[in-house]
Amino acid sequence: MRILIFVSFAVLALVGCSGHRGEARVPGSAVQRVSKKASAWDPSLWPHQRPGAIDPDPAVTYGRLENGMAYAILPNDTPKGHVSVHLCVRSGSVSEDGPLSPQAQSAVDAGQEAYPHDERGVLHLLEHLSFFGGEYFDWSLEATKRGGTNPLVEVLQRAGMAFGPHTNAFTSYDRVVYMLDGTQNTPTFVTTLLKAMHDFAGGLKLKPEAIEKERPIVLSEKRQRDTPDYQSYRAEMEFLFSGSRVAGRSPIGSDRVIHEVTHDTVQGLYKRLYRPDNMMLVVVGAVDVAALEQQIQTLFGDLKNPSSALPKLDYGQAPLTQDLRVGVHVEAESPQVSVNFYQLSPYEPKVETLAQHNLQIKRTLAKMILMDRMVRLIAEEGSPFLSGSFEIYNFINFVQGSEFSIDTKPEYWEKALELGERTLRQALEYGFSQAECDRATKAVLNQMEEIVRCATTRPTSRLATSLVASFFSGFVFESPEQQWELLKDFLAKVSCKDIEATFREAWSLPGTWIFVSGNLPPLQGNSEDYVAALYRRSQKTAVEPWKDAPLKPWAYENWGPAGDIVKRDYREDLGVTQLTFANNTRVTLKPMHFQSNQVALECAVGGGLLDLPGEDRSLIALYQNCYLAGGLEAHSLEDLKLILKGRPVGWATLVDEDGFVYSSQTTRSDLKTNLQLFCAALMAPGYRPESLRIFHKNMDLLYDNLPKSIEYTKQITEPYVLHNKDPRFEFPSKEQLYALNLSDLKNWVQKPLQSGYLELAIVGDYDLEEAVACCANTVGALNRRDPSFPAYPQCRPVSFPKASRPELVPIETRIQNAFVSISWKGNDGWNPEEVVGMEVLVEVIKDRLRLALREEMGAAYNPGAKNLNSYAFPGYGYISAFSYANPLDVEAVTERMAKETKRIADAGVTAEELERNLNPILARLKEARRSNAHWANNLLGAHRHPEFLDWLRAEEARYKAVTTDQLQALAKQYLNWDNAVVLWYEPEIAPEDLKGGF
């Protein structure tokens, strides 16, 4: 369900850890062990502590302080030396006070009624305020005015933690979660992270000046997220939950409350909900469990609960109907229509017993089968479906139910609703075929096998997130090995009738809810009555059993005699082997074992954009949307999804500046199949007509939405403008796209893909000689290819535009949000010292903009910057700074962005500022050098450009060598306001022209 928060089925969740549990214990009674089963239902317990629950992962240590604060600790060492600390407050936006009905909320927001204790959005504001610190990290406005930074953010930056990627938080309906993903695990630094969490948990000072400073930032975030989808989401929540506290309790809150909330209200909510018996701490990483428990007791044991108990929250009336309930929301700026069918009932607490665990597996299997059918339906000629999903969920332990959702083009919504109803009813009446059940069962087994193989190198931050999620989902946190044992035993005996019965039970309530939203055309009479009549009419149409077409066996195992290796080089210091086959295919191999059983592949073939005939970019869009979607000669895309179901086999493709690039993430056991699929994609593409049909449906939606969306518009405008309106970078018109067919695509790509220059990089956890043999039998066995990469001299020139007055790009929207982009001419990527310097400079720019636009002006939520360096077009590159803004503040934001970048060129960068921004880069680089994707991406092209290997050898040293003088020199050279290109994306409809508005 798009609008709700889902829990993952335990069978497919990446949870647990195979590690050693610390045996040392904190002395005395300060810490209570809570691994024993409870005698009654207690919502504050972890799922495994409830009577009858399955066993949890033994590697996790659970405890509870005398003040009621719970904690969980899980040793883990991926990435090496990292530690992730999450603090969770077990209350979210539904706990906020405010008017109860949507109508009353609208009246209060419009100023027609008063509600003196309105708290809607205060928890989210409080989440922001937490980063101002308190007892240990105390922010002051006076220090900020003197040029100081946020003390907590500064300390974490120096330790290598970037604000955002490693330092973050979120507020949802039922929780507030703080996430500090530390890049160090020294005892001193772990203490620093715990002190920060202590500030959040009970030490905040919540200064009035901090509240005033943060109000506009929260409003900026709210404005940035205000989209047509968000408007539909709000309407859907009010439709489904009109009798409960959930309606109108979106975590982002109310503009009026954020504007007007008092310090006393913020302080009162903090004291009411941020209490140790309503919080839990999760720590995952390379830690000493016993020592960490002692630290937790020392730092958090002093937190006190209020004298009164936490009141039990009455959510109100859960959605339940005995008949048909229909809601309609028209959103003219949406590109599509969504049709959602629900069956909902009040949540019933469930312990994850073995029977309940097996029920979740059967639900997963049923969901997979229904989604397999949707894949085929979407591809059929004349299908009204764009996408679809089926979910069985629990929403904040308030509502449980099932949802079947469909997205469609506006003109097909009626047909989509009827076909959706019949598709669901078809499965309910006739069930599933044995072949469908067998495929789903095999896919789940394959997925679980891969999870077990990867168990020892699961990321610390993901495990911390999974531990927190397990508490709220009700699923026991198991190790992959435990999951595997339960799964294989159950799947060996589960029958198709069991899966069918589970599916029918999930859709067995007497009443159904339907919500239709989006760009609906005008309807006759009452909209809800019209939809209800359409649904009931469809129910009278008889359905037949699903026809499950048989699948052909995999047709691309044999590519002929293995290719001969004519050259083999080994770079010992890098652990890199380079092969050249007799057919001129080049392969670079780097076995490394940081990510257990995981393998990354990157391939570049042909010339990509340089191969484009003429200047019409339409062929690129056609290739990226239709080439792989057309399947293979022997298998349609839909058949491929079923043949390879449950296995990490597949490729993503894009047209890069100088190559058709294919990327894949797979496993050691699936490497051979992945290479076979790649060869088939090059040599035996299907060019099936359904790929063009689906592409046209999606393009219709895109072109309808383009003028209404900042995101879409800037994605197509900036490349064209910043490449000096080179036609190769212009987004094609709809007429240009529709004038092309699959023969045009084949005529363009067949030669470069089947005989063009080809390089492949494979990095990961595999045996070198096994991988060499796989390559010899696949890419090495193909026909002869170009021995070298062509020069393409006539296709090389690209220039950056001259500076001009700010160019206004109008957006056809009522949503009052704007976007500012400032770009300067940069350089290509062939000077690695300069490239590294520019990357660091970009981080400094982002930090300056954060301090200026967010911290000082309160005008932007998350301003940013980026650096692009071309390797195909000599001398071409650019630097951009950007930010969302209130349309009324566009000029002021632009001026401040210009001022801050000019100040870097004029006054330079301080050593402290360099340290704060360089350390997170070094931490990310250290982590990246242990990842397959980083090496595969940087090794691709190493045959053409052997210097890439030298760059990899020295990349860390190159970053460490960056100086403040180098950054100032780069800023002086490139950040010249006289050379800047400014783009303003603004809504066409001014606020005073809105009637009702948003």
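Tutor: Of the 86 residues in the largest nonpolar core, the members that touch the most others are Tyr-623, Tyr-662, Leu-745, Trp-748 and Ile-762. A nonpolar core here is a set of buried Ala, Val, Leu, Ile, Met, Phe, Trp, Tyr and Cys residues joined through side-chain atoms within 4.5 Å; buried means under 20% relative accessible area, with a 1.4 Å probe and protein chains only. Helix 20 (residues 671-683) gives the most to this core, namely eight residues; helices are DSSP runs of H or I with at least four residues, strands are runs of E with at least two, and both are numbered from the N terminus. The model is predicted, so local features need pLDDT of at least 70 and side-chain atom pairs count only at pLDDT 80 or more, whereas totals for chains, interfaces and linings use all residues. Residues are numbered from 1 along each chain as its sequence is written, and side-chain values use heavy atoms, with hydrogens and water left out.

Beyond its neighbours within four places in sequence, Leu-745 is in contact (heavy atoms within 4.5 Å) with Leu-619, Leu-622, Tyr-623, Cys-626, Tyr-627 and Tyr-687. Another core lies apart from the largest one and has 57 residues, including Leu-123, Met-197, Ala-210 and Leu-299. In soluble globular proteins, nonpolar side chains tend to be buried together.

Phe-404, in strand 11 (residues 399-408), counts as buried because its relative accessibility is 0%. Not counting residues up to four places away in sequence, Phe-404 touches, among others, Phe-341, Leu-370, Met-371 and Trp-507. Phe-404 and Tyr-342 are 62 residues apart in sequence, yet 6.6 Å apart in space, C-alpha to C-alpha.

Note on methods: Buried < 20%, exposed > 50% of the residue type's maximum accessible area, 1.4 Å probe, protein only.
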